[in-house]
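Try each task before reading its solution.

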Amino acid sequence: MASDVAPSKPVAEPDSQRASYLRLLWNDKFAFVSAFWLLLMLACALLAPMLLDGPATTMNLSARNAAPFELERGFAFILGADALGRSILARLAVAAQNTIGIAVAAVACAMIIGACFGLIAGYVGGWIGGLIMRLADIIMSFPSLLLAVVVLYIFEPSVFSMIAVLAFTRIPLYLRTTRAEVLEMRERVFVAAAKVMGASSGRILGRHILPLVVPTLITIATLDFAFVMLVESALSFLGIGIQPPDMTWGLMVAQGRNYLGSAWWLAFWPGLMIILTTMSLNLLSSWLRTVNDPEQRWRLEIGSRSD
Amino acid sequence: MTDSTAASGEHLLEVRNLSVDFHTTHGDVHAVRNVSFHLDRGETLAILGESGSGKSVSASAIMNLIDCPPGNILGGEVLYGGRDLLRMPVDERRDLQGRKIAMIFQDTLAHLNPVYSIGWQIGEALRAHGVSGKAVRERTLELLGRVDIPDPSRRADDYPHQFSGGQRQRVMIAMALALRPEILIADEPTTALDVTVQAQILKLLEELRTETGMGLLLITHDLGVVAEVAERVAVMQAGEIVETGPIREIFNRPKHAYTQRLMGTIPGRGALVEDAQGEDRAQPLFEVRGLAKHYPITKGMFRRDTGEVVKAVDGVDFVLMPGEVLGIVGESGSGKSTLARTLLKLETPSGGTAHYRGEDIVTLERDTLFAYRRKVQAVFQDPYSSLNPRMNVFELIAEAWRIHRNVVPREEWRQRVDDLLDKVGMRPDHARRYPHQFSGGQRQRIAIARALALEPEVIICDEAVSALDVSIQAQVIKLLADLRDRLGLSYIFIAHDLPVIHDIADRVMVMKDGKVVETGTVRQIFEAPAHSYTQALLKASPVPEIAEVA
Amino acid sequence: MALIGLLILVFFLSRLTGDPTNLYLPIDASLEARQQFREMHGFDDPLIVQFGHYLQDLSRLDFGMSIRKERPAIDVVLDAYPWTIRLALLTMLLVVSSAIVIGSLAAAKPGGLFDRIASVASIAGASAPDFWIAIVGILLFAVSFGWLPTSGVGSPWHWIMPVAVLFLRPFGLILQVVRNSMITALASAYVKTARAKGVRERTIIFVHALRNAMLPILTVAGDQAVGLLNGAVVVETIFGFPGIGNLMIDAITQRDFALVQTAIMMTALLIFLMNLLIDLGYAVLDPRIRHG
């Protein structure tokens, strides 16, 4: 009776899945370093404003544009000081909160709103679905950066309006992805099986379709997070984003721009922070894609053997 | 018959001690281990094996089609014309491919490049080996004509998606034979095709082999196909060849235990169910009259309605009695699956009536539909997509009770899941595992357990065993038959060929183009089919009957 | 339809940015002078009436006057656009050709040395903050070494830095898409058929796989091209490039309504044409879309 039982492969218990993810992450050194860097930035974003607010805002005219890599003023000035003699290191750490916070909030809002409408458009279809898609098309056809410029010029540029504008322009991405995935999932046989069982639409969406769409959305969000961060930085750089005394890395680059010839480090360090963070996000996203693709995953596992 | 060439030691193609590994997420898999076989001029050798037996990998190794990594050819030789293909310089080997050794595949839609016309693709086989100019087009049209594609000069400029499955396989054959190769490797060439089309393709291959004197290496899981065309058979199991011999030996006096078991599972050889008695007194479960499902045909970018319809199901009548198994047989496009989906209320019928225990199911309301859902369950074809990959077996089965709250009290769920798993021949500790950890046959058992969870009266099996290997097919059919006897279930059992139905159905309904062409008891259909289509279907279904004396 | 929605939105949003009177007249201008200025430009009518006038003018293809430049807005926009289009075309040409060649070669041997270098390059490219690269570029090549001019469009040398900076992100993104879709295409069944036919590896990559991989590449390349048509705002401002992005920022800060509206409408129109072109591209590449 049971001759087809017992596939020859060793069976991994679900409990050990998390451990195996960590092992795969360790195998890909790039991805591991990226994850570490992002955790560090997250820690900065959460803790630095409480711990380092003093050094980040205290002006010290004797240290104006102090050069980096000199330890005489203490470790806080290892990366130099800005035009008002404030520690760049401390300012970078504190600015992480706004930079990362805005991007996280914008991406999260866009993802949640986009996914909800995408689910409706994909599952319900009909004229409601059509209307939602047309709206998404309109948002997509806006010159989004310019629209952001206009909107930010009208409303006081603040953390909140920044998040709103960025989220709004990113909604269509999630909406379209979700809808496409739902349209595909809806035809899967296990959805038909659930219907035959008598499952309600809510249950089918929540239990059968959403859990399979979420990994795709997360992977896109990682990548998009990097993009949104760049847009925010660019807007702040142009002077229509976050305004002083608030700080973000983009704004710090803008402030340092005037001293390019004399004190390159003012604009250099925040730019480097942006690059490192967006690169980490990109690396991690491409790692996520490989891990979640059964046809590619072996590449990471093979790596573990040669190590 | 092949002994004379074999004795001289000069085979057309000889594979010696071939071993191939694959790296997978679950560790290295020994796909092929120490496999040796040979092929002579003008003969057909079948490599017979179930999925995962390594038969396709062996063929891919000959054609240099294994991706390394993840594949790894550990050792062995593939000898052609006295030279080892595995150790030949890349360019020389490429020159042999397509010119001396050619290959055709199973899934022709995927194996033909979707963005180039078929004429271009056939021509490429010629151009890759130095033919050029007008000769390419001429030979292409000639080949298309030879494989019976009507109107070659017009059709050559069409794209793969504009052809039917059978025609695409003909195109593949034309492409493979472009340079009159000495060896043709056919990897499951008819598996996705309807039985009547399959018979035509096999006949064409047979003709072409006699015509050109090439050696044909046929890779298949289908005993019927083997019986139809092969002279010698190599049986593969778990990466090894367990038995080789002339076809009559293998079919009539199998030596290896696996071959014996395989021969025992051939569908359509068991005893027919005797005609049931006294069914007339009971109330029928299903009573279907003139049921129809039409789809409007739309055209262009704006899905404009053309006013025409596709009649997927076109006036079907039948009844299903309690405890009865109704087999529905039809080829692709016959409407059998649409009929199943309509009965399952996944589609709304365009006309006709369908009653379940006297209640009209077309007009079911929310509450009555919910009650109907409990009584009528389904098992679908593809066991890989019919289970939600994110839910473990316990959740999959218990979901039925989350939806229908009054069936089983929550504290008994665990016990009931264990019982159900036991009923379908699985172990209680399987409950914590996820679908991807099971084989196809096991998944289908899980799907059956899920269908049983609501204690239904009818299970609609839509091609429930079509995707499974023959030996597994036999087990699942036996399981379904046992369950019917123990639980008093009724089935509507849908299949695309007759032999599968043979061992389980009480009555059979044959469908073609949305209409019922013949209905009768299983005995009537198999022993005295009245309609010419049923007769053709029976004739084309390769039930392996190898006479003792050929 | 999207155009109409955009029209309404832009009109009312830009009116919300404030009264241009204060910007254009000296602070000590008399009330009469202010009133006269408003009347001349029709700013004293209710918004809805202004919108009506605007629509009327539009139907005669009159886009209004730019207050700042004192010329028809459409002329100002049409002066700036060729620069942006040239910049976008040149950049996209370089991006797409180099991404396709490098990405295809990387996909031919996934995990190989070339692939790794290409992956790191593409990720670095996609991650680069353009404004930062631009000012570091100016610092190095213009200020320190004095090799390249800092701004303007006078000579071919002026184009090098803007194109190089614009190149990075689309290149990184498209390279990744090329690589991924080429890996998928090279793993597909028809490639096996071509190998069995004895087709050369180079033909398999650039004839069989590439054409199938082109659809996703086209989608992303289209998105990126649209992004460049939007006006490479950051790069144009930093390098003083006389394109539409630069113009638009000026127009907004100076509340030059007619100019903002015209510029955005033109951009939307171009994006619409661009999308039409992409759809045509799909049909050319894939017969299934052609017949669908």
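Predicted model: local features only at pLDDT ≥ 70, side-chain atom pairs only at ≥ 80, totals over all residues.

Residues are numbered from 1 along each chain as its sequence is written, and chains are lettered from A and ligands numbered from 1 in the order in which they are written.

**Exercise 1.** Find A:Glu181 and decide: is A:Glu181 buried or exposed?

*Solution.* Start with the helix: A:Glu181 lies in H7 of chain A, residues 159–186. (Helices are DSSP runs of H or I with at least four residues, strands are runs of E with at least two, and both are numbered from the N terminus.) Next, count neighbours. A residue is buried if 20 or more other C-beta atoms lie within 10 Å of its own, exposed if 12 or fewer, and partly exposed in between, with C-beta atoms placed from the backbone. A:Glu181 has 21 such neighbours, so A:Glu181 counts as buried. Finally, look for contacts, meaning C-beta atoms, placed from the backbone, within 7 Å. Leaving out residues up to four places away in sequence, A:Glu181 touches A:Val213 and A:Thr216.

**Exercise 2.** Describe how H2(A) and H4(A) pack.

*Solution.* First, take the geometry: H2 (residues 29–51) and H4 (residues 88–123) of chain A pack at about 115°, and their axes are 7 Å apart. (Axes are lines fitted to C-alpha atoms, for helices over the stretch in contact, and angles run from 0 to 180 degrees between N-to-C directions.) Therefore H2(A) is roughly perpendicular to H4(A). The classes are: under 35 degrees roughly parallel, over 145 roughly antiparallel, 65 to 115 roughly perpendicular, and the rest oblique. Now the residues: H2(A) contributes A:Met41, A:Cys44, A:Ala45, A:Ala48 and A:Pro49, and H4(A) contributes A:Ala93, A:Val94, A:Ala96, A:Gln97, A:Ile100 and A:Gly101. By type, the contact of H2(A) with H4(A) holds nine nonpolar, two polar and no charged residues. (Ala, Val, Leu, Ile, Met, Phe, Trp, Tyr, Cys and Pro count as nonpolar, Asp, Glu, Lys and Arg as charged, and the others, Gly among them, as polar.)

**Exercise 3.** How many residues of H13(B) and of H12(C) are buried?

*Solution.* In H13 of chain B (residues 336–343), seven of eight are buried, among them B:Lys336 and B:Leu339. Just after H13(B), B:Lys345 has a positive phi of about 65°. In H12 of chain C (residues 244–253), eight of ten are buried, including C:Asn246 and C:Met248. C:Arg255, which follows H12(C), has a positive phi near 50°.

**Exercise 4.** Summarise chain C as a whole.

*Solution.* Begin with the inventory: chain C has 14 helices and two strands. Then take the extent: the C-alpha trace of chain C spans about 85 × 55 × 25 Å along its principal axes. Last, burial: 43% of the 292 residues in chain C are buried.

Note on methods:
Contact = placed C-beta atoms within 7 Å.
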